[in-house]
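Here are a few exercises to work through with the viewer open. Try each one yourself before you read the solution.

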Amino acid sequence: MILTSSMTGIASPDPLQHAFKVKSAPHAGRSGSRPIKVDEQLWQQWWQTETTADKRALYIHIPFCRKRCSFCNFFENGAKPERISHYMEVLCQQLTLASQTKLAQSQPFDTVYVGGGTPTDITAEEIAKLGQAIQRFPLADNAEVTLEGRLNGFDDAKFNNALDNGFNRFSFGVQSFDTAVRKAAGRFDDKETLLKRLQQLSQHPSASIVIDLIFGLPGQTMDIWQQDIQAAIDCGAHGVDLYQLIGLAGNRIDKASEKGKVLGTETSEFQADSQTRASMYAYGANALESQQWQRLSSCHWRRDDRERSVYNSLAKSGIEILPFGAGGGGSIHGHGMMNARDLSEWHQAQVVTEDAELSSQTRLPAQVPGMALSPNPSAAFDAIFKRGLDSGTLSFDGMETDVVIHLQPLFEAWQQNGLATIDDTCLKLTLAGRFWNVNMQTGLFEYLAKNPMNAEAQLAS
Ligand SMILES: C[S@@+](CC[C@H](N)C(=O)[O-])C[C@H]1O[C@@H](n2cnc3c(N)ncnc32)[C@H](O)[C@@H]1O
Ligand code: SF4
């Protein structure tokens, strides 16, 4: 039995701060897949075959931003209006074609996520057309349809067009409310402007308004973080994500830190270390929960049940996600997929498809060269752990006894190190475990790789 501290964390009087050294990655996972080539025939077959998935989603990527924020490396293309309008026109055509296929029509979609980049930067008219294209797919009753973006520029015309055309959830990156921290991070708008707009949007009788906050930004002291949490509670939003700043190679914070600099505010060069970030997480979690906010995952809380976070929870359960747009990722018939990120490559694929399809009876969405993978045989097995650890409770119900026994040494080590408690029915993460849950997921997959179990037991689970 191989058990290392990268799997178990280390024993410490203060596991929240010291169980691991640093958050290992934004997400955990392992791939039992290999790249495959999808020829035109296979592509056609995919779209003309009914799904076997019982839950599924659409993911639509809008890869434009007006500004490159210091902490982020999701910036892909500058937001030039003509570039965006050409993209949106082609994207809506692709969605319309896809919506008519057997694959799309064979089972309702539970959730749709329009992410980016900054989807709220498209015009009010484009939001309406995008919403109409989405409505051509069979959507489940009460399907969650999210538009992601930022508050700056998201005016009433955009909000009303989104609501009138089926969007019912809005996820805004706030990052920090503090005006000086925002300025240092390259964000528009000051605290008062954000609070006022969030209070207006949250008045809507049914739409869910969700905000993202990051802890660990340059200049963001514990005091500022406490004010950020208070502002999140006061602003009227129905849900909040608390993300730890991840050092992403190539962003401005990362480049500055390579030169030993902090991109702080005019008055502060402070940047929280891993221990302080752990305390920030604990403060945020405790403050929200003491105000009766309900925890839906290790980083997401809701004020009331208007907020459901269907996309995020189903995506972690490994459901089918049909991907659209340049850089959009998902899965079709169990094959992981990612469309080409490069805009001109993405547009080129649409032109080629138009020619190739003159002879074809049914027009299909373009096959964009990106990446396709063979089905991962352990995907369903892995999803149980990802979803369970992310939600904070890994239930043993429906898990083969052999699997639970095989993982017992790891579970016991987590318990000893203050990351979880175990009983006969489940493993529950402590607050420290929830803070380190991505390291624990990574550790669990490492444990399974170093201590392989009988493949049949995995598949039976
Ligand atoms: C794809 S971004 C879109 C955000 C939106 N365009 C905006 O301007 O707020 C989604 C979220 O990822 C999170 N994010 C981006 N960079 C991050 C980082 N380095 N560490 C942690 N979270 C990050 C932010 O909270 C952000 O709101
Ligand atoms: S935070 Fe949003 S606007 Fe800023 S670079 Fe990232 S995706 Fe673009």
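**Exercise 1.** Describe how helix 16 passes helix 18: which hand does the crossing have, and which residues make the contact?

*Solution.* Keep in mind that this is a predicted model. Two packed helices are described by the angle and the distance between their axes. Start there: the axes of helix 16 (residues 401-416) and helix 18 (residues 437-450) come within 11 Å and cross at roughly 145 degrees. Next, the hand: the crossing is right-handed. Now for the side that helix 16 brings to the contact: His406, Leu407, Pro409, Leu410, Phe411 and Trp414. Helix 18 answers with Met440, Leu444, Tyr447 and Leu448. Finally, sort these contact residues by class, and you get 9 nonpolar, 1 polar and no charged.

**Exercise 2.** Work out what surrounds ligand 1 and which polar contacts it has, taking a pair of N or O atoms within 3.5 Å as the cut-off.

*Solution.* First, the shell: 19 residues surround ligand 1, and the closest are Phe71, Gln175, Arg187, Asp212 and Ile246. By class, the shell splits into 8 nonpolar, 7 polar and 4 charged residues. Then ask where the shell comes from: strand 5 (139-149), strand 6 (169-175), strand 7 (208-215) and strand 8 (239-244) each put in at least two residues.

Now go through some polar pairs:

- The side chain of Gln175 has an N or O atom 2.7 Å from an oxygen atom of ligand 1.
- Phe71 uses a backbone N or O atom, 2.8 Å from a nitrogen atom of ligand 1.
- Gly117 also works through the backbone, with a polar atom 3.0 Å from a nitrogen atom of ligand 1.

As for cover, ligand 1 on its own has 580 Å² of accessible area, and the protein covers 91% of that.

**Exercise 3.** Find the residues around ligand 2, then look at the backbone at Gly117: is the peptide bond from Gly116 cis or trans?

*Solution.* Begin with the shell of ligand 2, which includes Cys65, Cys69 and Cys72, along with Lys67, Arg150 and Arg187. Then zoom in on Gly117, which sits in the loop between strand 4 (109-116) and helix 6 (124-135). The bond from Gly116 to Gly117 is cis, with omega near 20 degrees.

**Exercise 4.** Check the phi of Asn142: is it positive or negative?

*Solution.* Locate Asn142 in strand 5. Its phi is positive, about 65 degrees, although Asn142 is not a glycine.

How values were computed
Residues numbered from 1 in each chain as written. Chains lettered and ligands numbered in written order. Predicted model: local features only at pLDDT ≥ 70, side-chain atom pairs only at ≥ 80, totals over all residues. Heavy atoms only, no water. Near = heavy atom within 4 Å. Polar contact = N/O pair within 3.5 Å; in protein donor to acceptor, adjacent residues only side chain to side chain. Areas by Shrake-Rupley, 256 points an atom, 1.4 Å probe, with all protein chains shown as cover. Helix = DSSP H or I, 4+ residues; strand = E, 2+ residues; numbered from the N terminus. Nonpolar A, V, L, I, M, F, W, Y, C, P; charged D, E, K, R; others polar. Axes fitted to C-alpha atoms, helices over the stretch in contact; angles between N-to-C directions. Left-handed = near helix turned anticlockwise from the far one by under 90°. Contact = heavy atoms within 4.5 Å.
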